[in-house]
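Work through the exercises below with the sequence and the 3D structure at hand. Each task is followed by a solution in steps.

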Amino acid sequence: MRVAVVGGGVIGCAIAERLQGAGHHVILHERDQVGAHASGAAAGLLAPYSEDERDAGARSLRLFPELARRLLELTGIDVQFHDMDSLTPAFDPADEALLKRSGGRWLDAFEVRKLEPGLHPDCRGAALFPESQVTPPLLTRALAAGARAQGAEIREGSTVRSPEDVADADAVVLAAGPWTADLATAFGLEVPVWPSRGQLVRLRPAPGRPQPLTRMLTHRGRYLVPKPDGAIVAGSTEEEAGFDARPTADGVRGLLEFARRTVPALGEATVEEVWAALRPATADGQPIIERAGERVIVATGHNRNGILLAPITAETVAGLLGAG
């Protein structure tokens, strides 16, 4: 089957790699460059438990080790997938009561301070989850390269505006993130998805001192992610700002205050980079992965969990197309 995949983010590239490997002929259309938007600007935490994506997220996480090995063999790109526990700290009694029921391993204040001495002294304890991380730009590029290595066509700078632009395809997968809604309209479909702006900050801890954080940390929708090069990424906001992907002073300030308040030594860290990206949001917070027309499949709405859910989304789309 000839399949056109529209969108070169992590979702579209994962779908292209999976379908091409299953024997379809895939043409991926990306109007800019692969990974140019949210997929190239994510922190990379794979956190189905602390991010409350326990079902599909946990299944998707289990696909990552084999996917990372396959991509390394196909492309030579190491996507830097590795296991890294995450902590969700409690700073008040309500947090503590909730986290003790979360399913993670509860650590009291003494135990958590022993693991992460850089946490704020007000930490009452934390839930520990066995999770992982990856480097999103490398993952997205590796998926595209893996699809190409198996025979897929990757067309960057290729804009699809209407069904006529992909008229030679037997099936079309619309995976253009928050731009999927307008694209679907051209196909006579309605896809209720819109942009949610997420801002992030890359911090470089002060040199010559112990690393202030060695595990991922999540707390009330925000996170700190230590990266292999020693940097720590602080994220993320969720804002409705239309298609404005510029970071703001308020957004960056909030992330810096979160980082400093949670791990005080990060107050001395250098700000290396600030950036923002537009993620596809839905009303119920769940992605839309379904047949939406005679030859159209929609795969969007992953919001802040696109990296985590990319492998299971590719499997789901393959199933919808009858790919084994």
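**Exercise 1.** Find the largest nonpolar core and state which residues have the most contacts inside it.

Step 1. A nonpolar core is a set of buried Ala, Val, Leu, Ile, Met, Phe, Trp, Tyr and Cys residues joined through side-chain atoms within 4.5 Å. Buried means under 20% relative accessible area, exposed means over 50%, and partly exposed is in between, with a 1.4 Å probe and protein chains only.

Step 2. The largest such core has 42 residues, and Ile-15, Leu-139 and Val-173 have the most contacts inside it. At least two core residues come from each of strand S1 (2-6), helix H1 (10-21), strand S2 (25-30), helix H2 (56-75), helix H5 (136-149), strand S10 (171-174), strand S17 (296-300) and helix H8 (306-320). H8 gives the most, with eight residues. Helices (H or I, at least four residues) and strands (E, at least two) are DSSP runs, numbered from the N terminus.

Step 3. The model is predicted: local features need pLDDT of at least 70, side-chain atom pairs count only at pLDDT 80 or more, and totals for chains, interfaces and linings use all residues. Residues are numbered from 1 along each chain as its sequence is written, and side-chain values use heavy atoms, with hydrogens and water left out.

**Exercise 2.** Which residues are in contact with Leu-139, leaving aside its neighbours within four places in sequence?

Step 1. Contact means heavy atoms within 4.5 Å.

Step 2. With those neighbours left aside, Leu-139 touches Val-10, Phe-64, Leu-71, Val-79, Val-134 and Ile-307.

Step 3. There is also a second, separate core of 21 residues, which includes Val-112, Leu-119, Leu-217 and Ala-269.

**Exercise 3.** Describe the two faces of S10 and its strand partners.

Step 1. In a regular strand the side chains alternate between the two faces of the sheet. In S10, Ala-171 and Val-173 lie on one side, Val-172 and Leu-174 on the other, and all are buried, so both faces are covered.

Step 2. Two strands pair if DSSP finds at least two bridges between them. S1 and S10 run parallel and are joined by four bridges; Val-5 has Val-173 as its bridge partner in S10.

Step 3. S10 and S17 also run parallel, joined by three bridges. Here Val-173 stands opposite Ile-297 in S17.

**Exercise 4.** Which strands stand at the edges of the open sheet of three strands?

Step 1. The order of the sheet is S3-S8-S4, with antiparallel pairing.

Step 2. Strand S3 (45-46) and strand S4 (82-83) are at the edges; each has a single partner strand, so one side of each has no neighbour in the sheet.

Step 3. S4 pairs with strand S8 (residues 132-133) over two bridges in the antiparallel sense. The bridge partner of His-82 in S8 is Gln-133.

**Exercise 5.** What lines the largest pocket, by element and by class?

Step 1. On a 1 Å grid over the protein atoms alone, a pocket is an open set of points where a 1.4 Å probe fits, with protein on both sides within 12 Å along at least five of seven lines; lining residues have an atom within 4 Å of a point.

Step 2. The largest pocket holds about 730 Å³ of space. It has 48 lining residues, and Ala-175, Ala-176, Gly-177, Pro-178 and Trp-179 are the closest to its centre.

Step 3. Elements that supply at least two lining residues include helix H6 (180-186), strand S11 (194-204) and strand S15 (270-281). S15 gives the largest share, four residues.

Step 4. The lining has 23 nonpolar, 18 polar and seven charged residues. Ala, Val, Leu, Ile, Met, Phe, Trp, Tyr, Cys and Pro count as nonpolar, Asp, Glu, Lys and Arg as charged, and the others, Gly among them, as polar.

**Exercise 6.** Arg-220 and Asn-303 each have a positive phi; is each of them buried or exposed?

Step 1. Arg-220, with phi near 50°, is in the loop between strand S12 (216-219) and strand S13 (222-226). Its relative accessibility is 62%, so Arg-220 counts as exposed.

Step 2. Asn-303, with phi of about 50°, is in the loop between S17 and H8. Asn-303 is buried because its relative accessible area is 18%.

Methods
Grid points are joined across faces, edges and corners, and a volume is the space filled by probe spheres set on the points.
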